[in-house]
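Okay everyone, thanks for coming. Let me put the structure up and walk you through a few spots on it.

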Amino acid sequence: MIVAGSFGLQQFSSLRYQYAKIQPVSPEEMKKYGVKMKKRQDVTLETEYNKVQSIDIDNWSNKRGPRPWEEEELAKK
């Protein structure tokens, strides 16, 4: 049991180091795939806080999405 556990642990730790070497995606690559990124200066804690403050949380309505068995019925219409 202990020997098998050490082999399993070795596999998990090798995955950890294997995927830690992957570099983040550059903005040029994101543009290539059609993803528009904001500049780091545009997104700050203060700007996001101001967006959240401007939301009217007193007047809202609950909207439910279709359930898996209802999606088939919507597709037929």
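So, which residues make a nonpolar surface patch of about 470 Å²? They are F12, L15, Y19 and I22. A patch here takes residues with over 30% relative accessible area and no salt bridge, with like charges joined within 9 Å and nonpolar side chains (Val, Leu, Ile, Met, Phe, Trp, Tyr) within 5 Å. Areas come from the Shrake-Rupley method with a 1.4 Å probe, and for residues only the protein chains shown count as cover.

Quick word on the source: this is a predicted model, where local features need pLDDT of at least 70, side-chain atom pairs count only at pLDDT 80 or more, and totals for chains, interfaces and linings use all residues. Residues are numbered from 1 along each chain as its sequence is written, and side-chain values use heavy atoms, leaving out hydrogens and water.

Back to Y19. It sits in helix α1, residues 2-20 (helices are DSSP runs of H or I, at least four residues, and strands are runs of E, at least two, numbered from the N terminus). Y19 is exposed, at 52% relative accessible area; buried means under 20%, exposed over 50%, partly exposed in between, with a 1.4 Å probe and protein chains only.

Now, how many salt bridges does the structure hold? Two, counting a side-chain nitrogen of Lys or Arg within 4 Å of a carboxyl oxygen of Asp or Glu.

One pairs E48 with K51, closest N and O atoms 3.3 Å apart. These two are three residues apart in helix α3 (residues 45-53), so about one helical turn separates them. E48 is partly exposed at 31%, and K51 is partly exposed at 42%.

Then there's E70 with R64, at 3.2 Å between the closest N and O atoms. R64 is exposed, with a relative accessible area of 52%.
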